[in-house]
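Dear colleague,

I am handing over the structure below, and my notes on it follow. Please read them with the structure open beside you.

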Amino acid sequence: MTERERFLATLRYQDRDRSPISDFGFWDETLVIWREQGLPEWVDKTNTDRAFGMDNYEPSSGINPELCPWFPYEVLEDRGENEVVQQIDGVRVLKGKFMGSIPQHLEHLLVDRESWEKHYKPRLDPAHPDRFPADLETRARSWRDPARETVLGLFCGSLFGRIRDWMGVENVSYVVYDDPAFFEEMVTTVADCIYGTLERILATGGIFDCAHFWEDMCFNNGPLLSPTHFRRFIVPHYRRITDLLHRHGIDIIWVDCDGKIDALIPHWMEAGVNAMFPIEVGTWGADPVALRREYGNDLLLIGGFDKHILARSTAEIDAEIRRLTPLVEAGGFIPLPDHRVPPDVSLRNYLHYLDRARHIWGRDTHLRPMEVSLATLASP
């Protein structure tokens, strides 16, 4: 099977030769530390699929349904081990130069209606030409090829997560209660931008396999926006976007959201989303097996292998692979670490995980070659 055929068969509960073998990626620091453990110097975050023999599922069409143009990325201050940076979303953060996965927000450009009108709303025009790749027509010809072997998807942006980034958690939380009309205007403008951008891409006649949103709107105890407000402000816009996708034959739509997502899953499903990613295990014990038991085959699952287990013993890694195997075999589930692999995972442990996953989930069948493996590490 081609990677595209395998991906679609898995998420449509159809027969396939094996499970996809994939990953969510790695902290930059993980690869730096792994080089000290034998990882070849040529491996970087752009070629890990090649290095580790992954199926390549990078479902991107190259469109930008978010801020356009981006703000300039600038290093504003050097503080030794840290630096103050203006990100491309206009937010100023304190970021570690090493082990700086989650920067600390310092200052937000979006603080009220005036700053919204001046800095953000103009960047949400769906007709801005820079939203689309310069070679759009050339790409569209390949998108229309029904025999295409690679997965192609659409990034659908974010209806809450980006606003939360632009304003900060505390500020946006107050706005929801103090000025709900302003909050609704922001959500509607963002949704209009996404919808208009997708309309143009879908009008090319491209055959898209999936679509995905990014939200990251939950923490370790639940959502940052109450389910009541989520249904009131967010669900209607998800619904009109997913209706558009469905009209163009896209039946696999997932949300990328970290944290404890339990309270929002039913509302996302009501809004036309049918897959969750990365099913972050965390201290709250999210579990793809439990989600399948609760939602049956209606909910597709991507992720769900506890990344923390990768830092433990190989016996524990083997046990978790075995535990998830019945769900893998049942379909509708692509197993992979539940977030980017952190630097406390050793290279040998990770390669052991891949070796066992390829054997059990991949059935040693039609696998891409591994250029970095336990065997290559053992070679002189």
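Predicted model: local features only at pLDDT ≥ 70, side-chain atom pairs only at ≥ 80, totals over all residues.

Axes are lines fitted to C-alpha atoms, for helices over the stretch in contact, with angles from 0 to 180 degrees between N-to-C directions, while helices (H or I, at least four residues) and strands (E, at least two) are DSSP runs numbered from the N terminus. On the H7 side, Val172, Val175, Val176, Tyr177 and Asp178 meet Pro180, Phe182, Phe183 and Met186 of H8, contact meaning heavy atoms within 4.5 Å.

The open sheet has 4 strands in the order S1-S2-S3-S4, paired antiparallel, where pairing requires at least two DSSP bridges between two strands. Its edge strands are S1 (74-79) and S4, each of which pairs on one side only. Between S2 (residues 82-86) and S3 (residues 92-96) there are 5 bridges, and Val84 has Leu94 in S3 as its bridge partner.

His108 sits in the loop between strand S4 (104-107) and helix H4 (113-120). Because its relative accessibility is 18%, His108 counts as buried (under 20%; exposed is over 50%, partly exposed in between, with a 1.4 Å probe and protein chains only).

Residues are numbered from 1 along each chain as its sequence is written, and side-chain values use heavy atoms, with hydrogens and water left out. Local features need pLDDT of at least 70 and side-chain atom pairs count only at pLDDT 80 or more, whereas totals for chains, interfaces and linings use all residues.

Best regards
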